[in-house]
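Hi,

Here is the structure I said I would pass on.

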Amino acid sequence: MSRFQDDTQRTTQRSTNPANAAQTGTAGAGLTVGDFVLIGICFFLVVAIIWAAFMVIGELTGKATPNINLSIFFIILIYVLCVGAGWLWGRYQSQTMAHKENSRLKEENFGLKNAVERLESERFSLQAQLRSTQTAPGAATPARTSQGSPAGLVPVVSSKQPAPNIYESAREPEDPRDLPEHPHERVFPARNEGNSLRFGWRIIGASRRGFGHAYEGKYREDDFNVRIYGAQGQQPDIAIIAIADGVSSKNLSRRGARAAVLGATEFADQRMTNLRNLVSHQADQENIARETFTILMDALKTARFRIEESAARSRASVDELQSTLLVYLAMPWDENSLLVSSTQIGDGALFVLQHTQQEKWKWIQQPQIQSAGNEVHPFMRSTKEEWERYFHCHLLSHARCIMGMTDGTADDIEPPRATRENPNPDQFVYVHDFYARIVLPTFTAPQPGEELLKLLAYQKKTSHDDRTVVCLYRQ
């Protein structure tokens, strides 16, 4: 997961965050909220002096002077108004400057992100050139006469091979023992494996090692798992799907991702009976949402426990098994509705395509990026409060496709930036393009999971991360 930065940088990042500066009262060009309050007090003093001067002139000229109590009341009122106006103006200036600073930092962050991607691409190219140089024939050496004295240099002609292409150069990990459990590719459904739910819904998924990991001889760090549940003798009606993205900076993140998705989908069939009964008895949506909330919270608890078990078996710290985790439950409600509950910690994405009068994409889960703009909070550092905060339950009408993915794919379909020519671009234009080119053609394939895996091998500049996509669709 190339976009992860360790949490040790947070303190520095937060101290430079303009939003924090606004809370401490920074108003921009050296003025604080307190400075504006002092300006208000100074303005009040000017008014008070003028008021006092009129009163003295009235005494000297013998004219009637205002009632002293009324004068004091008005002076206090003017003081409060001046101080209040100064404080409000200071707050307004502070918030305005903070907003401008936020906008500037976002622009700088976008530029830095592009620079990092460019440098990463250059790094791959330089590594390829270094390898080709190391494997090239040696330089010319002096020939020797029969007496052993050097003769003239004999030129050696070497044909320099072009640098290996990142898309054509793949290596196996130095330690291949994890390959049976963590292969470079994974698909769902496997051959002769069921993938259907009632009312015509089907599920497909694929995960493949990224070009960057293949080039560097690393494992695939993404993973996913799908579990389908059904009452005995009836067509399956509930699916739980988990998607995880291992943190690239952690040596055993692939094991953490695998343990997370297996743990999050580890439920006995009987556990779904209560949810099934609530739906069949037409319980209100609030009770059904509460039941799915309990199921997903238990899923995350089990995922955490399985990661801790895997860390113990690996004789490693839990921190070496860090990953993100996206979990969602789907249950066809009737012919036209689909129940979807989800929660996540990380930068995965979950979209829904609905078709009423026209096809329309919506977010179900958006990538969670922290204050630095390029930082992801891993699952094993999250809290139960965060799990609950990102829980969502939707009863979707006329849904056509639910599309979940890790950031290796989600980054490729980020919303386009606003321009002067197009100030309000469609934020799902690349999502729909990805769906039309990569996902939709797999629905009619004899082996849809394998077809999705093949289409996920697309080449895109600076897109080198693992790619994982799981779709629930209805034709």
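**Helix packing and the rest**

Let me start with helices H7 and H8, which are roughly antiparallel to each other (that label needs an angle over 145 degrees; under 35 counts as roughly parallel, 65 to 115 as roughly perpendicular and the rest as oblique). The axes of H7 (residues 273–280) and H8 (residues 285–314) cross at roughly 165 degrees and come within 10 Å. Axes here are lines fitted to C-alpha atoms, for helices over the stretch in contact, with angles running from 0 to 180 degrees between N-to-C directions. The crossing of H7 and H8 is left-handed, meaning that the near helix is turned anticlockwise from the far one by less than a right angle; clockwise would be right-handed. On the H7 side the contact uses Asn-274, Leu-275, Leu-278 and Val-279, and on the H8 side Asn-287, Ile-288, Glu-291, Thr-292 and Ile-295 (contact means heavy atoms within 4.5 Å). By class these residues are five nonpolar, three polar and one charged. For the classes, Ala, Val, Leu, Ile, Met, Phe, Trp, Tyr, Cys and Pro are nonpolar, Asp, Glu, Lys and Arg are charged, and the others, Gly among them, are polar.

Before going on, some housekeeping. This is a predicted model, in which local features need pLDDT of at least 70 and side-chain atom pairs count only at pLDDT 80 or more, while totals for chains, interfaces and linings use all residues. Residues are numbered from 1 along each chain as its sequence is written, and side-chain values use heavy atoms, with hydrogens and water left out.

**Overall picture**

The protein has twelve helices and 13 strands, taken as DSSP runs (H or I, at least four residues, for helices; E, at least two, for strands) and numbered from the N terminus. Of its 475 residues, 40% count as buried (under 20% relative accessible area; over 50% is exposed and in between is partly exposed, with a 1.4 Å probe and protein chains only). Among contacts between residues at least 6 apart in sequence, 73% join residues at least 24 apart.

Mean pLDDT (the predictor's confidence in each residue, from 0 to 100) is 83, and 80% of the residues reach 70 or more. Which stretches stay under 50? Residues 2–29 do, with 59 contacts beyond four places in sequence in the model, and so do residues 135–158, with 16 such contacts. Where pLDDT is low, the predicted coordinates should not be read in detail.

**Back to the helices**

H8 also meets H6 (residues 253–264): their axes come within 7 Å and cross at roughly 140 degrees, in a right-handed crossing. H6 contributes Arg-255, Gly-256, Ala-259, Ala-260, Gly-263 and Ala-264, and H8 contributes Ala-299, Thr-302, Ala-303, Arg-306, Ile-307, Ser-310 and Ser-314. That contact has six nonpolar, five polar and two charged residues.

Leu-275, in H7, is buried at 0% relative accessibility. Not counting residues up to four places away in sequence, Leu-275 touches Ile-238, Ile-288, Glu-291, Thr-292, Ile-295, Leu-329 and Met-331. Leu-275 and Met-331 are 56 residues apart along the chain, with their C-alpha atoms separated by 9.7 Å.

Val-247 sits in the loop between strand E6 (238–245) and H6 and is also buried, at 0% relative accessibility. Its C-alpha atom is 9.0 Å from that of Asp-222, 25 residues away along the chain.

Where is the cis peptide bond? It runs from Phe-188 to Pro-189, with omega near 0 degrees. Phe-188 lies in strand E3 (residues 185–188), and Pro-189 in the loop between E3 and strand E4 (201–208). Phe-188 is buried, with a relative accessible area of 6%. Its contacts beyond four places in sequence include Ile-203, Phe-224 and Gly-449. Phe-188 and Ile-203 are 15 residues apart in sequence and 7.7 Å apart in space, C-alpha to C-alpha.

The loop between E3 and E4 also holds Phe-199, a non-glycine residue with positive phi, near 60 degrees. Phe-199 is partly exposed, at 27% relative accessible area.

Thr-462 has a positive phi too, about 65 degrees, without being a glycine. Thr-462 lies in the loop between helix H12 (448–455) and strand E13 (467–474) and is partly exposed, at 25% relative accessibility.

Cheers
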